[in-house]
Each structure stands twice: as C-alpha cells, then as structure tokens.
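Keep the viewer open as you read.

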Amino acid sequence: MHFEFTEEQLMIRQAARDFAQAELKPGVIERDEHQKFPAEQVKKLGELGFLGMMVSPQYGGSGMDAISYVLVMEELSKVDASASVVVSVNNSLVCYGLEKYGSEAQKQKYLIPLAKGEVIGAFCLSEPEAGSDATSQRTTAIDMGDHYLVNGTKNWITNGNSASTYIVMAQTDAAKKHHGINALIIEKGMEGFTIGPKENKMGIRGSDTHSLMFTDVKVPKENRIGDEGFGFKFAMSTLEGGRIGIAAQALGIAAGAHELAVQYAKERKAFGKTIADLQAIQFKLADMATEIEAARLLCLKAAWLKDHGKSYTQAGSMAKLFASEVAMRTTVEAVQIHGGYGFVKEYHVERLMRDAKITQIYEGTSEIQRIVISREVLK
C-alpha cells in the first residue's frame, strides 16, 4: 500500500484548493441566501478541466484518475457544495456514462462539449413516485419507429435549468419492468420539454434543482444510449461512480467544518483561556478528525479500485454511507463549538450543516447504501 499522492495529484489538489478560496468563497453566503447558481464559477471550473476530469483527452476531457477527482471534490466542497455537486453530476453521471456506453456519434456531439465544460449536463432518474425505488419509472418513451415519444415528469434534477444535455430514463415496455427502461439524450429546447420552478431547498441552495416535464417530446432513436432496454443497467452503473463523487463531497463538507472549528477554537476565549485549551472541545475535535480521516480513506480506496478496473460497488457504498453520516455529525459539532456564532450565516458552519444533510439522501439514501453493502457482504 502506498499512502503518498503523485506530484500531479498534489498539483491538482492545490489548484482546486486555490480556486475554492479565491473564486468560490467570496460570494458563497450570498449565493446560498439568494439561491443563485454559480454560473461564472462553473464556467471557470470547466476552463480548469474539472467538468470532464476523467474523460479521455480524445473527447475533450482531462484524462485524470478517480483519486484526483476525490481530491478536487473534497477541496471544492469544503467551501461550496452547490458548486461541487455540478462537478460531481457532470463527471460521474453524465460524462462517465456517455464515454463508457455512448455511441461514437453521441460522444462527438454531446460528450466533447460536456467534457470541455462548454455546457453542463443533468441526470434524470428520480420521479414523484420513483426515488429509492428506481424501477418504478412512470415516464414513458413510446417506440414510434425512428423516434421515441417521451411523456412524464422528473423530480429533484440537479442542474435542472442550467444544463443543455439531459440523460433521461424512461419506460418503453412496462411488461418487461426494469428491462424495458431506456436511457435517452434529450436536449434543452426540444418541443414539449418544459422546466418547472426551482426548488426552495434547505441546503445546496446555489445548485438549481428543478422538476422537468415532458409532453410528447420527439427523441430520435440515435439518442438512445446502448441497446433497447439498457437504461436501468446504465443508470445503476453510473450511480456506482456517482457515489464516489458524493462521498468525496460529504468528506469535503466535514473537513471544511472541522477546519473552521479548529480555527475558531484557537481564537475564541472563555474562562480565561482559548476554548481549544478545554478538554471538552479537544475531544470533539479529536473525534471529528478521526472520523474524517476514516471517511477519506474509504473514498480513496473506492477511487483506487475504480482506477484499477476492480469492482468498487461495496467500497463506493461504504464511502458514501460513512462519509455522509460523518458530514452530518461533524457539521453539527462544528456549530456547537462555535456556540451562538455557529447559528449565524457569516461563520459558514450553519450552511455546511444544511448542505451536509443532502449527502445522506441523493444518489442513493443511507438506507439504500446499507442494502447494497449487505448484498455484497452476503454474496
């Protein structure tokens, strides 16, 4: 086992850290307050190559490894999880699936601009009645010969209004259940495709989350990813990689909160000394640091397995489960260490606490991760 990063990985981490401090931090509280999508910052992330990190340079990507991806996600998420989730979705759920399963024509038309960060994508699986039960797709894609006619609604879609390219799961043959689901590429502006209002969320408020409505949207057959009925397998495969991204996001939220708590504890005085001198605070910081390091190692193991072409199903779910729960515990304690100041926005930790919660829910709830892990354990 080697616990050192390569020189390239360290440079990538430093670039992400510098970007987070210089570009994301200055306006992050205002963006959260006003639910403002970080469009300018996302454009710059694309220019840095962070929106197509693991895509081959042949298709406009940076050709980086999954470990670098974890490092970038952690650094960005320490400051702004609303920006980092754009990086996660574009990399893990959109670019990854297109590069692995898309046709050459689809890669040329859609993957290249996505990987370059010229546009961003969205992954559309959840529905009003299909969240954790992803097999219950009500959105339909009727086979009309040379095209599909898509009707239905998608919920909780990250990049819902900002994306240009949407990968949509839809049921073509209900008799085949999940074997009848297709993954279709739908473009913003297609007739019959409308975007609902932005969700008013507790956390990641800068991320634009919308419902999407499809009414007789005509989607050409060449926009289907993979063979007929491949959509569910496509979705599950891309979500496996997505878990690594969200695990790294949760890790970053936790690490960011811990850094703020350490800094505050060294400055705040009570009972004639800094609160960092109080054992009660020291023990909190020690527990937080230990859990964060364990979460980091789980994330890096899952990324290492992915980089080496090994199965990372169990490792990815473990990383997602543990890191998200660590994020929640750590941010709550960070607020506690800050006392009354932790309850006001200018100290950042209350926002990190609100942002942490979603990591236990999206891209597979903690309950679903436990199902995945137990299945692997019992094989």
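This is a predicted model: local features need pLDDT of at least 70, side-chain atom pairs count only at pLDDT 80 or more; totals for chains, interfaces and linings use all residues.

In soluble globular proteins, nonpolar side chains tend to be buried together. Here the largest nonpolar core has 112 residues, and those with the most contacts inside it are Leu-98, Met-169 and Ile-186. Helix α7 supplies the largest share of this core, 18 residues.

Next, colour the aromatic rings. A pair of aromatic rings is described by the distance of the centres and the angle of the planes. A search of the whole structure turns up 7 aromatic pairs. One of them joins Tyr-101 and Phe-234 in an edge-to-face arrangement, at 5.8 Å centre to centre with 70 degrees between the planes. Tyr-101 belongs to helix α5 and Phe-234 to helix α7, so this pair ties together parts that are 133 residues apart in sequence. The two partners can be set side by side: Tyr-101 is partly exposed, with a relative accessible area of 22%, whereas Phe-234 is buried, at 0%.

Another pair has a stacked geometry. The ring centres of Phe-193 and Phe-214 are 4.9 Å apart and their planes meet at 20 degrees, so the pair counts as stacked. Because Phe-193 lies in strand β6 (residues 193–198) and Phe-214 in strand β7 (residues 209–220), the contact ties together parts that are 21 residues apart in sequence. Both Phe-193 and Phe-214 are buried.

Two further ring features deserve a look. Ring pairs link Tyr-101, Phe-230 and Phe-234 into a cluster. Elsewhere, Lys-221 lies over the face of Tyr-148, at 5.2 Å from the ring centre.

Now turn to helix α10. Of the 10 residues in α10 (residues 349–358), 7 are buried, so this helix is largely enclosed by the rest of the structure. Those buried residues are Val-349, Glu-350, Arg-351, Leu-352, Arg-354, Asp-355 and Ala-356. What do the buried residues of α10 pack against? Their partners are α2 (28–34), α4 (66–79), α5 (81–101), α7 (231–267) and α9 (313–338).

The whole-structure search finds 1 cavity of 30 Å³ or more, and the largest cavity has a volume of about 50 Å³. Its lining consists of Val-28, Arg-31, Asp-32, Asp-80, Ser-82, Ile-204, Arg-205, Gly-206, Arg-351 and Asp-355. Both α2 and α10 give two or more residues to this lining, and the largest share, 3 residues, comes from α2.

The last stop is an open space. The largest pocket holds about 1200 Å³. Among the 44 residues that line this pocket, the closest to its centre are Gly-131, Leu-239, Tyr-362, Glu-363 and Gly-364. The elements giving two or more residues to the pocket lining are α5, β1 (121–124), β3 (147–158), α7, α10 and α11 (366–378). Which element provides the largest share of that lining? The answer is α7, with 6 residues, and α7 also gives the largest share of the core where we began.

Conventions:
Residues are numbered from 1 along each chain as its sequence is written. Side-chain values use heavy atoms; hydrogens and water are left out. Buried means under 20% relative accessible area, exposed over 50%, partly exposed in between (1.4 Å probe, protein chains only). Helices (H or I, at least four residues) and strands (E, at least two) are DSSP runs, numbered from the N terminus. Contact means heavy atoms within 4.5 Å. A nonpolar core is a set of buried Ala, Val, Leu, Ile, Met, Phe, Trp, Tyr and Cys residues joined through side-chain atoms within 4.5 Å. Rings of Phe, Tyr and Trp (its six-membered ring) pair if their centres lie within 6.5 Å; planes under 30 degrees apart count as stacked, over 60 as edge-to-face and the rest as tilted. A charge sits over a ring if NZ of Lys or CZ of Arg is within 6 Å of the ring centre and within 35 degrees of the ring normal. On a 1 Å grid over the protein atoms alone, a cavity is a set of points where a 1.4 Å probe fits but cannot get out, and a pocket is an open set with protein on both sides within 12 Å along at least five of seven lines; lining residues have an atom within 4 Å of a point. Grid points are joined across faces, edges and corners, and a volume is the space filled by probe spheres set on the points.
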